[in-house]
Amino acid sequence: MTREFAITAPSPTLSLGADGRGEVAFTVTNVTGLAMRAVARFLPEPPLKPEWLSVRGADHRDMPPGATDDFTVDLQVPPGAPPGPYTFRMVVNPRFGPDGPQA
């Protein structure tokens with residue numbers, strides 16, 4: 001399977017503040033020779049709920065070949081949520097225009 005995007009994070013963990021908020025930035029690189037739209041989505045593991053996660057700004061970015069962009073993810077765990085580790089993955093899928101990828 002060909003990968004269109006390389007994704008890295010500066011840290012595999014993040015700490016939440018007393019208010020239950022935290023953030024982590026993922027660096028996304030278009031590793032193809034084509035212009036693509038990068039669309040971020042989350043794969044949370046229970047008990048983490050998808051609605052606790054959001055991408056700051058747009059969850060999609062138009063990326064020329066070789067471009068790199070930071071996707072900052074905000075996490076808001078509500079009061080009363082059970083303590084413990086929460087795990088999620090961010091995946092980035094390509095979206096093409098009506099004419100397909102742009103060279």
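This is a predicted model: local features need pLDDT of at least 70, side-chain atom pairs count only at pLDDT 80 or more; totals for chains, interfaces and linings use all residues.

Val39 stands opposite His60 in E5, and Met36 has Met63 as its bridge partner in E5.

E3 is also joined to E7, by eight bridges, and these two strands run antiparallel. Within this pairing, the bridge partner of Leu43 in E7 is Arg89. Together, the three strands form an open sheet in the order E5-E3-E7, with antiparallel pairing. The edge strands are E5 and strand E7 (88-95), each of which pairs on one side only. On average, neighbouring strands of this sheet are turned by 30° against each other, direction ignored.

## The four-stranded sheet

A further open sheet consists of four strands in the order E1-E2-E6-E4, again with antiparallel pairing. Its edges are strand E1 (5-8) and strand E4 (53-55), each pairing on one side only. The average angle between neighbouring strands in this sheet is 30°, direction ignored.

E1 pairs with strand E2 (residues 21-30) in the antiparallel sense, and four bridges connect the two. One of the bridge pairs is that of Ile7 with Val28 in E2. In general, strands of a sheet pair through backbone hydrogen bonds, in either a parallel or an antiparallel arrangement.

Val28 is located in strand E2. Is this residue buried or exposed? Its relative accessible area is 0%, so Val28 counts as buried.

The contacts of Val28, leaving aside its neighbours within four places in sequence, are Phe5, Ala6, Ile7, Met63, Ala67, Thr68, Asp69, Phe71, Met90 and Val92. Among these contacts is Ile7, which is also the bridge partner of Val28. The C-alpha atoms of Val28 and Thr8 are separated by 6.7 Å, although the two residues are 20 residues apart along the chain.

## Salt bridges

How many salt bridges does a search of the whole structure find? The search finds five. Side chains of opposite charge can pair when their charged atoms come close.

Three of the residues involved, Glu23, Arg56 and Asp74, are linked in a network of salt bridges. Arg56 forms a salt bridge with Glu23, in which the closest N and O atoms are 2.5 Å apart. Arg56 lies in the loop between E4 and strand E5 (60-63), whereas Glu23 belongs to strand E2; the pair therefore ties together parts that are 33 residues apart in sequence. The side chain of Arg56 also meets that of Asp74 in a salt bridge, with an N to O distance of 2.5 Å. This second pair links distant parts of the chain, since Asp74 is in strand E6 (residues 68-76), 18 residues from Arg56.

Another salt bridge joins Asp19 and Arg21, whose closest N and O atoms are 3.8 Å apart. Asp19 is partly exposed at 47% relative accessibility, while Arg21 is exposed with a relative accessible area of 54%.

Thr32 is placed in the loop between E2 and E3. Its relative accessibility is 18%, and Thr32 therefore counts as buried, the cut-off being under 20%.

The side chain of Thr32 takes part in two polar contacts. The side chain of Asn30 is joined to that of Thr32 at 2.7 Å, and the backbone nitrogen of Leu34 is reached by the side chain of Thr32 at 3.0 Å. Leaving aside neighbours within four places in sequence, Thr32 is in contact with Arg3, Glu4, Pro65 and Gly66.

Definitions and conventions
Residues are numbered from 1 along each chain as its sequence is written. Side-chain values use heavy atoms; hydrogens and water are left out. Two strands pair if DSSP finds at least two bridges between them. Axes are lines fitted to C-alpha atoms, for helices over the stretch in contact, and angles run from 0 to 180 degrees between N-to-C directions. A salt bridge is a side-chain nitrogen of Lys or Arg within 4 Å of a carboxyl oxygen of Asp or Glu. Buried means under 20% relative accessible area, exposed over 50%, partly exposed in between (1.4 Å probe, protein chains only). Contact means heavy atoms within 4.5 Å. A polar contact is a pair of N or O atoms within 3.5 Å; within protein, one must be able to donate a hydrogen and the other to accept it, and residues adjacent in sequence count only if both atoms are side-chain atoms.
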